[in-house]
Amino acid sequence: MSSFQLLMEGFAAALTPVNLLFALVGVTLGTLVGVLPGIGPAMTVALLLPITFTVPPASAFIMFAGIYYGGMYGGSTTSILLNTPGESSSMITALEGNKMARRGRAAQALATAAIGSFVAGTIATALLVVAAPLVVDFAIGFGPEDYFALAVLAFVGVSAVLSRSLVRGLASLGLGLVIGLIGIDQQTGQARLTLGVPQLLDGIDVVIVAVGLFALGEALYVASRLRHAAPEVVPVGRAWMGRSDWARSWKPWLRGTAFGFPFGALPGGGAEIPTFLSYATEKKLARGVSREEYGKGAIEGVAGPEAANNASAAGTLVPLLTLGLPTSATAAILLAAFQQYGLQPGPQLFDHNPALVWGMIASLFIGNTMLLVLNLPLAPLWARVLRVPRPYLYAGIILFAALGVYALNGTAVDLVVLFVLGLLGFAMRRFGLPIAPAVIGMILGPMAEIQLRRALAIGAGDVTVLVRSPIAAVLLLLSLGALLTPVVRKLAERRELAPARKE
Amino acid sequence: MSPDTPVPEAPAAGAAPEGGRRGWWRPELILALVVLGLGVFVIVGTLDVSAAASQLGIGPRFFPILVGGAMIVVGVFYVVDVLRGGRGDPEESEDIDGDMPADWRSVALVSGIFLAFTAVLNTVGWIIGASLLFFGLSVVLGAEHRVRAAVVGVVLGIVTYLLFVKGLGVTLPGGPLQGVI
């Protein structure tokens, strides 16, 4: 069956009243947590993982997809309306967006962000429909050594790109890998690193790790440096924009999409680089009024990066669905959700569960449309959410974190583990260790181990089996390149500085 | 939980050198040493895992040795980097005031309240425990109206209990209010 037909069937599955309701709940929740500082889509999906025990997979993934896309929309509202620096992927939006808002053009900034996100999200999801079957065809012949090499590339890529300090990125990755090792070895049934504690035999639940590192870690970090001034939110009415704004926005939207999608699909690509590239490109291309406005609130500087941000979110789903390879923290949690259902994303998933995959992809189109409707007229409502007093916000986040973790097994022991992981998350934030490599290491680590052992079993102990396949060899070379790039960059910087000092 | 036991000391130990400088000493050194120590722990901790020798290929110890070895290498680089004055970028967030000195009192109080909640949860039940947790945390974090914080806490406690226990079938401890609600 062609992918178009499969997509249409996916729409049929996603358009049932129950699934539409799940999509609506997902996008609303996603926007809400995206708007609120201190809580994001990764943690929200992690907290909702327990519903996988009662809800059918299609509905759960439709909701998770809604949260994933909704979080992107919500983040842009925060960075435009709130006058404080936020997370790195939405920081670029804040550069021009917040200046626009303070010049009284908040409505237009929000509109170009929302419509741009919709345009980029829709185009990028369509690209996902086209690209996914191609990647699946390509990956169907992948052996275990190829999958292992892919995992290595994802590990190194995420660690090297997300942090300015390579060693801190790798340290974060290592912490995640160690957490992933704890528990019974899946192949031999041997207990590892459990220290004789029976509760650790099943390993540490991904919910506890994600909630600890994200929610409790963030809350403790905020407690240490809480901004005591009340949040300054720019007031805004309904989001709208005029004819000239449209004329200035549509090209940046398309260019942003072109930057975002491929970077999102790359292991370690993420949203930071394409949003920045889009910002720089629009700045270079700006003429006339826009040139004068750039740096003081030009609409192009919001339209482009926001589109890039959303397109990269869709791009992230390509390796996740077709190869089982998460390249962001949220994608890693989504992978954990698949595992809860006993599903393994990859070429086989498209073969065995086409209804589920295509239903989820179709729901991305639906969710995107819902988000546009939700964000344009309801902008004032989301702006009000931003005014939630911070003491209540973070007390509430900790309360829900405790609730979600306690509900897993009904034991207070898990809450203590949660607290320890919260301290780890706090220390990582304070010292600038990125969180995403730890989460990806924990979830992808055990799978990398299985593939490595399979590959070596096939090679009967011969290590060269790992590079015998050309694909694996290329991927490992790329990983080495990603590992060396920061080192080379540092050396180059030093060489540039050296003559300058002599003068 | 020995892999994590050194971690709780990180913020507490970091508190001391915040004011007075002690030469090469940096709080981040503890985290770097934890990474290094974890690498050693992973290798030592899996020594007793008896690899089934009859197995084709490699046993359950191979990957831990790989991870542990890599952690030791990264850990050494990390320690050296910290000693040489390298630093990462502390994460930025909307509610973080990066210019402020760290407020260790708040961190300690939030930690204390959370651990106290953990200790009494099964005795007092979810509604009372969660209400107190919310009230305590919001006051520590600077809530201005204590009465309002208390009311919000009680409402949240009751609403989450009803929603999750009655609505979603999650098991939460009832405590003394078991029969009442």
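What follows is a talk about labels and the values behind them.

Mentor: Ground rules. This is a predicted model, where local features need pLDDT of at least 70, side-chain atom pairs count only at pLDDT 80 or more, and totals for chains, interfaces and linings use all residues. Residues are numbered from 1 along each chain as its sequence is written, while chains are lettered from A and ligands numbered from 1 in the order in which they are written.

Trainee: What makes up chain A in terms of helices and strands?

Mentor: Chain A has 21 helices and two strands. Both are DSSP runs, numbered from the N terminus: helices are H or I with at least four residues, strands are E with at least two.

Trainee: Why is A:Leu193 called buried?

Mentor: Count C-beta atoms, placed from the backbone, within 10 Å of the residue's own: 20 or more others means buried, 12 or fewer exposed, and in between partly exposed. A:Leu193 has 22, so it is buried. Across chain A, buried residues make up 61% of the 503 residues.

Trainee: Is A:Leu195 buried or exposed?

Mentor: A:Leu195 has 12 other C-beta atoms within 10 Å, so it is exposed. A:Leu193 sits in the loop between strand S2 (191–192) and helix H8 (206–224) of chain A. A:Leu195 lies in the loop between S2 and H8 too.

Trainee: Why does A:Val18 count as exposed?

Mentor: A:Val18 has 12 C-beta neighbours inside 10 Å, so it counts as exposed. A:Val18 is in helix H2 (residues 17–35) of chain A.

Trainee: What makes B:Ile43 partly exposed?

Mentor: The count for B:Ile43 is 18 C-beta neighbours inside 10 Å, so it falls in the partly exposed class. B:Ile43 lies in helix H2 of chain B. Leaving aside neighbours within four places in sequence, B:Ile43 is in contact with B:Pro64, B:Ile65 and B:Gly68. Contact means that the C-beta atoms of two residues, placed from the backbone, lie within 7 Å.

Trainee: Why are H8(A) and H19(A) called roughly antiparallel?

Mentor: H8(A) and helix H19 (residues 436–458) of chain A pack at about 175°, with their axes 11 Å apart. Axes are lines fitted to C-alpha atoms, for helices over the stretch in contact, and angles run from 0 to 180 degrees between N-to-C directions. Under 35 degrees is roughly parallel, over 145 roughly antiparallel, 65 to 115 roughly perpendicular, and the rest oblique. H8(A) and H19(A) are therefore roughly antiparallel.

Trainee: Which residues meet there, in H8(A) and H19(A)?

Mentor: A:Val206, A:Val209, A:Ala210 and A:Leu213 of H8(A) meet A:Ala438, A:Val439, A:Met442 and A:Ile443 of H19(A). By class, this contact has eight nonpolar, no polar and no charged residues. Ala, Val, Leu, Ile, Met, Phe, Trp, Tyr, Cys and Pro count as nonpolar, Asp, Glu, Lys and Arg as charged, and the others, Gly among them, as polar.

Trainee: How do H17(A) and H5(B) pack?

Mentor: Helix H17 (residues 390–409) of chain A and helix H5 (residues 146–167) of chain B pack at about 30°, axes 12 Å apart. That makes H17(A) roughly parallel to H5(B). The contact of H17(A) with H5(B) has seven nonpolar, two polar and no charged residues.

Trainee: How many residues does each chain give to the contact between them?

Mentor: Chain B gives 72 residues and chain A gives 71. H4(B) gives the most to the side of chain B that touches chain A, with 14 residues. That side divides into 44 nonpolar, 17 polar and eleven charged residues.
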